[in-house]
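This report describes selected side-chain contacts and surface features of one protein. The sequence and the model are shown first.

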Amino acid sequence: MLPKTASPGFTGTGRRNGSDRWRSVAAVITIPVLLPLLVILGSVFVPDPDTWEHLLEHVLAEVLVNTLWLVAGVAVITGLLGTSLAWLTAVTDFPGRRFFSWALMLPIAVPGYVMAFVVVGLLDFAGPVQSAVRDLWGPDAWFPVVRGRAGVIIVMSLVLYPYVYLITRNAFLTQGARALEAGQSLGLSRRQGFFRIALPMARPWIAGGLMLVVMETLADFGTVAVFNYNTFTTAIYESWFSLFSIRAALQLSSVLMLLVFVAVLIERSLRANAHYTGGGSPATARIRLAGWPRWLASAYATIVMLLAFVLPLVQMLAWGWQNFARDFNTRYLEFVSHSLLLAIISAGFVTATALLLAYSLRNGPGAFAGICARVATLGYAIPGAVLAVGIFVPLAALSNGVQAMLDILLGSAAPTVLLQATLLTMLVAYLVRFLAVAYTPVESNMQRVTRSVDEASRSLGISGTRMLRRVHFPILRGGLLTAMTLVFVDVMKEMPITLMTRPFGWDTLAVRVFEMTSEGHWDRAALPALAIVLAGLVPIMMMIRRTEHAA
């Protein structure tokens, strides 16, 4: 009889040692997230009186009111748009429903700052629309103010409603028709059944979608910058790069993080004690709309689709074509190469870290590993401008310390050290911001790699790296590709982190859009914006295919 051998990391002391090692890996992964959080929150306990006096007198009241109005307005409009469109495409039947069911997801590929400069370029005082109005009705003809609170709220709502639409539609697909049936059995009309049964049952999903919308709204920088609408993110940027006050940027970041935590608490309270479940597919056929309601539903979906995706895309194509010969040069190729290089490296780096975190949770089970996984994926809730400040400060301190040591050791021959203005800084910030994006699909696929799969592999003589290569990787491949695609697109679109942490001269497509819109050259911002939108369409089309197959 052959003696039993203990596989390292799975039995006895070897298993304990292996679990401890994996827990240590999970703990190390949380450090990049904890560091900026501690820096930002720690600034609250060491306030600078002069800085706070300036903020309270000139900045804080305005940006707080503006931010709260923006969050409230965008949440209301996205909730109405997303929920109503989700109900129409999931439960009812009207002309064009099959097309709109997936097409209404496309606006999520358009960054807010892209939609913003298209709208401002078209509707601003010097734009073609207002110019045509003045030509027709005279120079005193009235036209609504574009660069105002209402304008920025509407623009952000048009690009963010798909978050609510996608999540809520899945809820209505599983329980919407059955909820109406239950209501009719209680003597309720369809309208009463929607408001009294179906809508309350979908509340957890609606709250989840709105939570993503609120986080994106609080984190937005590019859209509000185009509209000259001052919020916390623009104030943080101005404090750092215009006033050269890192202390003011830290104090403003701490207040913004407080708003993020409040938003999380509100979302948790909205979903408290809500444990609704539904089947895997609709129990009944869709409700056929008849008469004018069916055409009204088609018109509603068409108008939203035109405003949120078709018209901006057509305008960008027109502007891009006009300026192609002028702007498509070697410098533009640098923007493209910088963006692609950053996105590719970040996609590989963040996905590999997500894979390590998933393996840490699998091989080092317990409360500690679970807490580390939750902390490590908190970064998506931290606005990019806040992350940039939180990572810059400790890296600048480390850089100064290393520089001081080199000056002592080497004197005048010491090289200049700038750790805070390198590609490494950008990669760390991207890791903190987008680890949750990569971790979700990787961890979901990791659930398929059960212990029985490992045991079966060992019984066939496959272990160690061969098991990873021949057994685990084929199972995880779909999740890894999804994670890399999502991170790639998010990095391509990311503006505040790139703008605030990039090395000197390292410009990307997003930075080019910011530069052109800051100077009012809306048409010249179209070419880089088109490249960003096309990159964003890749994961959207992948998601649509999966949704259609699931349906």
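Over the ring of which residue does the charged end of Arg 134 sit? The ring is that of Phe 125, and the charged end of Arg 134 sits 4.0 Å from its centre. The model examined here is a predicted one.

## Overall architecture

The secondary structure comprises 21 helices and two strands. The protein has 551 residues, of which 51% are buried. Its accessible surface amounts to about 26500 Å², and carbon and sulfur atoms account for 67% of that area.

Contacts across the sequence are also described. Among contacts between residues at least 6 apart in sequence, 82% join residues at least 24 apart.

## Charges over aromatic rings

Beside the contact of Arg 134 with Phe 125, a further arginine lies over a ring. Arg 294 is placed over the face of Trp 295, at 5.0 Å from the ring centre.

## Aromatic pairs

A pair of aromatic rings is described by the distance of the centres and the angle of the planes. Searching the whole structure gives 14 aromatic pairs. One of them is formed by Trp 22 and Tyr 359, which are stacked, with 6.0 Å from centre to centre and 25° between the planes. Trp 22 belongs to helix α1 (residues 12-42) and Tyr 359 to helix α13 (residues 330-363), so this pair ties together parts that are 337 residues apart in sequence. Tyr 359 is buried, with a relative accessible area of 9%, whereas Trp 22 is partly exposed at 25%.

Phe 99 and Trp 102 form an edge-to-face pair, with 5.3 Å between the centres and 80° between the planes. Both residues lie in helix α3 (residues 97-103); because they are three residues apart there, about one helical turn separates them. Phe 99 is partly exposed, with a relative accessible area of 41%, and Trp 102 also counts as partly exposed, at 25%. Phe 99 and Trp 102 belong to a cluster in which ring pairs link them with Phe 94 and Phe 100.

## Salt bridges

Side chains of opposite charge can pair when their charged atoms come close. With a side-chain nitrogen of Lys or Arg required to lie within 4 Å of a carboxyl oxygen of Asp or Glu, the count comes to six salt bridges. One of these joins Arg 147 to Asp 124, with the closest N and O atoms 3.1 Å apart. This pair links distant parts of the chain: Arg 147 is in the loop between α5 (128-137) and α6 (149-185), and Asp 124 is in the loop between α4 (112-123) and α5, 23 residues apart. Arg 147 is partly exposed, at 31% relative accessibility.

Another salt bridge is formed by the side chains of Arg 524 and Asp 327, at 2.9 Å from N to O. Here too distant parts of the chain are linked, as Arg 524 is in the loop between α20 (509-518) and α21 (526-550) while Asp 327 is in helix α12, 197 residues apart. Arg 524 is buried, with a relative accessible area of 16%, and Asp 327 is buried as well, at 6%. In the salt bridge between Asp 507 and Arg 502, the closest N and O atoms are 3.0 Å apart. Asp 507 counts as buried at 9% relative accessibility, whereas Arg 502 is partly exposed, with a relative accessible area of 24%.

## A nonpolar patch and a buried glutamine

Which residues make a nonpolar surface patch of about 350 Å²? The patch is made by Ile 303, Leu 306, Leu 307 and Leu 311. Ile 303 lies in helix α12 (residues 292-327).

Is Gln 251 buried or exposed? With a relative accessible area of 3%, Gln 251 is buried. Gln 251 is located in helix α11 (residues 246-270). Leaving aside residues up to four places away in sequence, Gln 251 touches Ser 43, Val 46, Pro 47, Asp 48, Thr 51, Trp 52 and Leu 55.

Definitions and conventions. Residues are numbered from 1 along each chain as its sequence is written. This is a predicted model: local features need pLDDT of at least 70, side-chain atom pairs count only at pLDDT 80 or more; totals for chains, interfaces and linings use all residues. Side-chain values use heavy atoms; hydrogens and water are left out. Patches are made of residues with over 30% relative accessible area and no salt bridge: like charges are joined within 9 Å, nonpolar side chains (Val, Leu, Ile, Met, Phe, Trp, Tyr) within 5 Å. Accessible areas come from the Shrake-Rupley method with a 1.4 Å probe; for residues, only the protein chains shown count as cover. Helices (H or I, at least four residues) and strands (E, at least two) are DSSP runs, numbered from the N terminus. Rings of Phe, Tyr and Trp (its six-membered ring) pair if their centres lie within 6.5 Å; planes under 30 degrees apart count as stacked, over 60 as edge-to-face and the rest as tilted. Buried means under 20% relative accessible area, exposed over 50%, partly exposed in between (1.4 Å probe, protein chains only). A charge sits over a ring if NZ of Lys or CZ of Arg is within 6 Å of the ring centre and within 35 degrees of the ring normal. Contact means heavy atoms within 4.5 Å.
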